[in-house]
Amino acid sequence: MRTEPTTTTTTTTTTAATANGAAAIRNLGILAHVDAGKTTLTERVLYATGATYKRGEVHDGTTVTDFDPQERDRGITIFAAAVSCTWDGHRINLIDTPGHVDFSDEVERSLRVLDGAVAVFDAVAGVEPQSESVWRQADRHRVPRIAFVNKMDRVGADLDAAVTSLRERLHVVPLVVQLPIGREDGFTGVVDLVRMRALVWSATTAAATGSGPQSFEVLDVPEELREEALRGRRLLEEQVAELHPAALEEYCATAALTPATLVTALRELTHGGEGVVVLCGSAYRDRAVEPLLDAVVAYLPAPTDVPPVRGTLDGAEQERAADPSAPFAALAFKVNATATGRLTCLRVYSGTMRKGDTVLDTTAGRTERVGRILRVQADRHAEVDRAVAGDIVAVVGLKSTRAGATLCAPGAPLVLEPPTVAAPVVSVAVEARGATDTGRLSTALGRLVEEDPSLVVRTDRETGQTLLSGLGELHLEVAVEKLRRGHGLLVDVGRPRVAYRETVARGVSGLVYRHVKQDGGAGQFAHVVIDVEPLGVEAPDGAVRGDGGLVFRSSVVGGRVPQEYVRAVEAGCRDALVEGPLGGHPVTGLRVTLTDGATHSKDSSEMAFRAAGRFALREALRAAEMELLEPVVEVVVTVAEDAVGSVLGDLAARRGRVSGSVTRTGTTTVTAAVPLAELFGYASRLRSRTQGRGTFTSRPTGYAPVPATVRERVLTAG
């Protein structure tokens, strides 16, 4: 989550949750593929709820959530941005998430603290690659979702095709509750299948000129759409009855479902993930945004509807319900570190936090004092005196709390599961242009990593260079530009380098290693015998699947190696995975079995067996047949039909493997698996080959073996 450092207003008003309870809160995210209309939809939501007086536009750089200069320059969302508004007596805390794959970690951190989400899909393209990726992320967090098919006013918009893509690519049960009125440029409204009415927006209202909220009329279903609407209503009733027992009873008794039964059933099916409510509209034209807000309130869960959050204390699992009177517990999921202070974003899961409270950071084991509590209200911060269970707020005054830390009442400690952080795949060398700026660069890099945990800074042991690693080329470009703009640093940047891995292609058995060290006093003795074998399984697309590391087991019998020494051997083996024998890259995807060993009554120790495990695995890897792995991404290229041949040739030259192509309305979409190392500079090359008409997206799929013809070049350069 990101908050804009603009004007802060002070108020003594408590949160809406205090008056209406956590049941009146909706914490939701906007998820989608890049350019599906997430930010535009967020702007229309703010405008419709009265949080803003004027509609912002992405192309004009006037949006509330995309206020960072880089976002306005590039026309995309880079940082997850939080806003707060009210609708129908409910407070909606909304996070506009990035749609580009390089910033998927922002989506991950947002989903960790959200109760629901609106997934936005392009009415022409349907489910796109990053749409699928963020959907899977939401699946992992079990976040209930509703779908909004956007851009119904575009040429080629097709609700039925979009719904089919939801069913086939996301494997969900779409529950369509609206039908469009008019096609493409003639789209004027929707038919509400739950209440069987038409909602029509007029292009001649005051809002068409941006001078006031756009009104809509509630009418009878148009005669020309009545038969289609009745079919849609019947299909919706049948689908709901199949999935919901109470609705099935009513359907069997009356052969129909009342609107009240439908709303209740749709809400419960959404919460359970058994179905996905589908709505449609055009955010850009400000049509069907109000029904979407009604659906958010009606179908998505409140903090009181989701299971109590689970945490641990001394290894024992505990639960905390969304109760303002329970012990305080919150999760920090974003930190904005600036030269003037730190702004920490929290999701409060239980209890109440007040200004001036002392809270315990259980992750770091230290206490912090809450200076001020801020609610994100459109383009400014409104100060509140407290935050209660269910709230998402920003806090000033926490000195060292990091993203992923748990804050709780000192008398009731708890550790919540932090958001997962993706491993970086691309690195660049950065250095200050002036020798006097080296210290400033180190401080600035520290702030970057504090704000974005998916960035990693390390020093190359061979060259002494400072390496900045991230999730993609654009991710690093944005980070470097932030150093230049935000910190006023002149930096030189090296060519991007990908994160290679090494794995075992053919293992070794019965490798014996005896660790003996005697230098006065107690010595060290450890004798181990290990087997090493490959673990990864190659998928049809060539990507290596596996646990991404080491699987260790022991088959020693008779107590020849005590259990505490077995654990030490495993720790030593994990130490040895840091650098492989081919090029010093991390080793992954192998199984190590401790088959035998011996101890000494005096000289054996955990330290000795850890050293034996480390040296034994290093020796085994040198003896085994090793393979170099490189990150592979799925690339989806969209070009005009007359440029397909040129694009295919260029993909082949980049060692790409085409897996499919689809032609529709004069454009062709080509899908291919391409090594990440071959994609640097591809955006410029694609534009030049297609006269600026080609676009592409990518998402990581795993690692694949580097061909022998390329391996020597990589190892020599690396």
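**Exercise 1. Locate Asp286 and His171 in the fold, and state for each whether it is buried or exposed.**

Asp286 lies in the loop between strand S12 (276-280) and H10, where helices (H or I, at least four residues) and strands (E, at least two) are DSSP runs numbered from the N terminus. The model is a predicted one, in which local features need pLDDT of at least 70 and side-chain atom pairs count only at pLDDT 80 or more, whereas totals for chains, interfaces and linings use all residues. Residues are numbered from 1 along each chain as its sequence is written, and side-chain values use heavy atoms, with hydrogens and water left out.

The next step is the backbone: phi of Asp286 is near 65 degrees, a positive value in a residue other than glycine. Most residues other than glycine have a negative phi. His171, in the loop between helix H6 (159-170) and strand S7 (174-176), also has a positive phi, near 55 degrees.

The last step is accessibility, for which buried means under 20% relative accessible area, exposed over 50% and partly exposed in between (1.4 Å probe, protein chains only). Asp286 counts as buried because its relative accessibility is 2%, while His171, at 63%, counts as exposed.

**Exercise 2. Describe how helix H9 packs on H10 and which residues make the contact.**

Begin with the geometry: H9 (residues 259-272) and H10 pack at an angle of about 75 degrees, with their axes 9 Å apart. Axes here are lines fitted to C-alpha atoms, for helices over the stretch in contact, and angles run from 0 to 180 degrees between N-to-C directions. Angles under 35 degrees count as roughly parallel, over 145 as roughly antiparallel, 65 to 115 as roughly perpendicular and the rest as oblique; H9 and H10 are therefore roughly perpendicular to each other.

Then list the contact (heavy atoms within 4.5 Å): Val263, Leu266, Arg267, Thr270 and His271 of H9 meet Val297, Ala298 and Tyr299 of H10. These residues divide into five nonpolar, two polar and one charged, given that Ala, Val, Leu, Ile, Met, Phe, Trp, Tyr, Cys and Pro count as nonpolar, Asp, Glu, Lys and Arg as charged, and the others, Gly among them, as polar.

**Exercise 3. Characterise the packing of H13 on H14.**

Helix H13 (residues 563-576) and helix H14 (residues 606-623) pack at about 40 degrees, with their axes 7 Å apart, and that angle makes H13 oblique to H14. Among the residues that meet are Tyr565, Val569 and Cys573 in H13 and Phe609, Gly613 and Leu617 in H14. By class, the residues of this contact comprise eight nonpolar, two polar and six charged.
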